[in-house]
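Here is a short report on aromatic pairs and the nonpolar core. Look over the sequence and the model before reading on.

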Amino acid sequence: MTVFETALGSLFTDNNLARSGIWRIGGQGPGYPVRFQRVQPQPVFEVSGAKLVQDATLFDIRAEEASGMAEGDTLEVSGVIYRVQAPPVPMMDGLILRLDVIVP
């Protein structure tokens, strides 16, 4: 494990930066404990001269904790269930997965 991977891991164990949740494959079963960080999306962005407003809930999760996470899986956080609505996007050389989630 590199120094960078160790530092990144410590960010996900810090209770001020990350939270605990339960990942359920396909929304079924007892689930797996995971740590994640909520990400603030850029609320306004421009595409071909048009300004668009993005209303999204994004979570970052370490790929090593949830390498098989897929669209349709769920993440339960403090009693709220979020459904992954798009395939996870690998970030930071594949160490992080960015999840676009909704409350169904």
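## Aromatic pairs

Rings of Phe, Tyr and Trp (its six-membered ring) pair if their centres lie within 6.5 Å; planes under 30 degrees apart count as stacked, over 60 as edge-to-face and the rest as tilted. This is a predicted model: local features need pLDDT of at least 70, side-chain atom pairs count only at pLDDT 80 or more, and totals for chains, interfaces and linings use all residues. Residues are numbered from 1 along each chain as its sequence is written, and side-chain values use heavy atoms, with hydrogens and water left out.

The structure holds three aromatic pairs. One of them joins Trp23 and Tyr32: it is tilted, at 5.5 Å centre to centre and 45° between the planes. Trp23 is buried at 6% relative accessible area (buried means under 20%, exposed over 50%, partly exposed in between; 1.4 Å probe, protein chains only). Tyr32 is partly exposed at 45%.

Phe36 sits in strand β2 (residues 32-39) and Phe59 in strand β5 (residues 57-62), so the pair ties together parts 23 residues apart in sequence. Strands (E, at least two residues) are DSSP runs, numbered from the N terminus. Phe36 is buried at 1%, and Phe59 is buried at 2%. Ring pairs link Phe36, Phe59 and Tyr82 into a cluster.

## The nonpolar core

A nonpolar core is a set of buried Ala, Val, Leu, Ile, Met, Phe, Trp, Tyr and Cys residues joined through side-chain atoms within 4.5 Å. The largest one has 15 residues; Phe59, Ile61, Met69 and Leu75 have the most contacts inside it. Strand β9 gives the most, with three residues.

Definitions and conventions
Helix = DSSP H or I, 4+ residues; strand = E, 2+ residues; numbered from the N terminus.
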